[in-house]
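Please consider the structure displayed below.

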Amino acid sequence: MRYYKIPKRRPKIPKSYKNAEVAQTKFIKNQLVQKNGAVCAICGKQILNKKDLTLDHIKPKSKGGLTTLENCQLACRKCNIKKGSS
């Protein structure tokens, strides 16, 4: 008798959903940069690189927060990682 391994596959998320989420995040980032400038909301420093510019959720997604303009703020990568989801 042979035993076959059944691959464990996660359900694939359609690309249209991924693209919509990425587009929404980019839109919110651009709106916040235009509104407040590229300044970290936590430490107040100017963010020079787009790579260091992150979107920080005021009410974390893990606790039911949505990715909306009212629930997001700009943060530098260092501050956003230090903050975590608290």
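A residue is called buried when its relative accessible area is under 20%, exposed when that area is over 50%, and partly exposed in between, with a 1.4 Å probe and protein chains only. The model is predicted, so that local features need pLDDT of at least 70 and side-chain atom pairs count only at pLDDT 80 or more, while totals for chains, interfaces and linings use all residues. Residues are numbered from 1 along each chain as its sequence is written, and side-chain values use heavy atoms, with hydrogens and water left out.

Strand 1 covers residues 53–57 and includes His57; helices (H or I, at least four residues) and strands (E, at least two) are DSSP runs numbered from the N terminus. His57 counts as buried because its relative accessibility is 15%. Its side chain forms a polar contact of 3.0 Å with that of Thr67. Such a contact is a pair of N or O atoms within 3.5 Å; within protein, one must be able to donate a hydrogen and the other to accept it, and residues adjacent in sequence count only if both atoms are side-chain atoms.

Asp56 also lies in strand 1, and with 3% relative accessibility Asp56 counts as buried. The side chain of Asp56 makes polar contacts with those of Gln73, at 2.7 Å, and Lys83, at 2.9 Å. Between Asp56 and Lys83 there are 27 residues of sequence separation and a C-alpha to C-alpha distance of 9.2 Å. Contact in general (heavy atoms within 4.5 Å) links His57 to Lys83 as well, among other residues beyond four places in sequence.

The largest nonpolar core comprises twelve residues, among them Ile28, Leu32, Leu53, Leu55, Cys72 and Leu74. A core of this kind is a set of buried Ala, Val, Leu, Ile, Met, Phe, Trp, Tyr and Cys residues joined through side-chain atoms within 4.5 Å. Beyond four places in sequence, the contacts of Leu55 include Ile28, Leu32 and Cys72.

What lines the largest pocket? Its lining consists of Lys26, Lys29, Asn30, Val33, Ala38, Ile47, Leu48, Asn49, Lys50 and Leu53. On a 1 Å grid over the protein atoms alone, a pocket is an open set of points where a 1.4 Å probe fits, with protein on both sides within 12 Å along at least five of seven lines, and lining residues have an atom within 4 Å of a point. Helix 1 gives the most to this lining, with four residues.
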